[in-house]
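Trainee: Hi! Could you walk me through this structure?
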Amino acid sequence: MSVAEFRRDLNIAYRVCKRYSTSTMEQITGEITVAYTDDRINEIIATSISDPVDYTRHFDQNEDFFIRIPDALTVPSIPIHHDVRRDEPEATYIEALEDFLRVVVSRRIPVFSGLTYMFDPAEIQRPAFYAVYEHHGMSFLFLLYLDLSYRPLIHEVVEQGSNDVSPRYKTNRLYLEADIVPLAQPPAPAHPGGGSHPGGFSVEQVVSQTWIGETGRGYFIQGIWLDRDLTKFFSKLFLPEGKRTYPYYPFTCKYRSICFSPIDLGPQERADGLPLLSAAREVLEPHISEIQDALKEQAFNEELSVFRRVKDQIDHSRFEPLANVKVTAYLNNADMKEFIVETG
């Protein structure tokens with residue numbers, strides 16, 4: 001490699017790294033670090049919830065997933081800024097999160113039951129929770145992010161925020177991002193011989209580098225990634241012919257892996273996603289290189305030869321739960337388009 005080529009590649013790598021947060025870099029490297037957890041929060045969400053409240057499942061016009069609960073909750077004011085070099089959050093942040101989760105548990109909302117809290121220094125307004133499952137001799141990580149960001153058109157302000165803290169607001173929506181991620185190996189403890197919580201997780205990455213180039217010039221340069229097309233390919237492959245579930249895609253390309261995005265988030269429903277993900281991986285992994293090569297040449301469509309060939313080989317009875325998913329568009333009170341997801 002010449003000096004000019006080395007400088008060019010180094011410059012590309014710098015621009016890519018500069019654009020993405022720690023969490024996005026985790027998606028590239030496949031290493032998810034548990035920097036900090038909190039025993040008091042874990043005790044709160046460990047509470048078993050009997051007779052859980054019914055909630056509905058939705059996407060907003062930005063394709064963000066949320067559940068709607070019967071009665072509004074008050075979301076506390078939390079810090080906006082955090083030094084990503086610090087692994088531990090401020091005490092006031094933890095106290096506010098504890099108070100909020102106590103209310104969530106008291107309202108019989110089951111989505112956090114049985115999970116462990118994980119602080120991500122790069123995601124101060126998105127606390128994370130996880131659980132590890134075993135299925136057919138393999139470990140899987142269920143990872144759930146709770147987005148507490150204030151949305152002006154949706155949320156009702158109770159107390160104004162500032163440049164340093166978010167507003168305190170009321171809402172009957174919980175914005176969530178959930179994934180079941182296959183792990184390359186069982187999680188190891190944080191410290192050899194001690195610590196009840198793992199220090200991190202290594203994702204089983206079967207997808208090669210999904211960044212394939214850039215478009216634009218100067219400040220308007222944007223990366224070209226295959227993740228979105230791979231997600232469409234993975235999901236459409238296992239849905240019944242002609243079925244449309246936009247903006248919900250059950251199988252996703254994240255962390256350079258084949259993941260499953262459950263729409264029902266209770267403890268039993270998470271476990272029910274493991275056989276679906278395992279079955280999808282069995283189908284996809286032998287063809288993954290061919291799929292990537294096809295998508296580098298042409299955007300996803302259902303007439304791609306590799307898509308038709310693999311779809312014809314699938315035993316769709318193994319994916320019957322996906323046939324019951326129904327997505328319906330509607331306008332909310334602000335005349336903004338949203339979607340409700342029903343699972344039959």
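Predicted model: local features only at pLDDT ≥ 70, side-chain atom pairs only at ≥ 80, totals over all residues.

Trainee: Okay, how much of the chain is buried?
Mentor: Of its 344 residues, 48% count as buried, meaning under 20% relative accessible area with a 1.4 Å probe, protein chains only.

Trainee: And where does aspartate 229 lie?
Mentor: Aspartate 229 is in helix α5, residues 227-238; helices here are DSSP runs of H or I with at least four residues, and strands are E runs of at least two, numbered from the N terminus.

Trainee: Which side chain of opposite charge is nearest to aspartate 229?
Mentor: That's lysine 232, 4.6 Å away. Aspartate 229 is buried yet has no salt bridge, which would take a side-chain nitrogen of Lys or Arg within 4 Å of a carboxyl oxygen of Asp or Glu.

Trainee: So what does its side chain reach?
Mentor: The backbone nitrogen of phenylalanine 300, at 3.4 Å.

Trainee: New topic: how many cavities are there?
Mentor: There are 2 cavities of 30 Å³ or more, each a set of points on a 1 Å grid over the protein atoms alone where a 1.4 Å probe fits but cannot get out.

Trainee: Which element gives the largest share of its lining?
Mentor: Strand β8, with 5 residues; lining residues have an atom within 4 Å of a point.

Definitions and conventions
Residues numbered from 1 in each chain as written. Heavy atoms only, no water. Buried < 20%, exposed > 50% of the residue type's maximum accessible area, 1.4 Å probe, protein only. Lys, Arg positive; Asp, Glu negative; His and termini not counted. Polar contact = N/O pair within 3.5 Å; in protein donor to acceptor, adjacent residues only side chain to side chain. 1 Å grid on protein atoms, 1.4 Å probe; cavity = no way out; pocket = protein on both sides within 12 Å on 5 of 7 lines; lining within 4 Å. Points joined across faces, edges and corners; volume = space filled by probe spheres on them.
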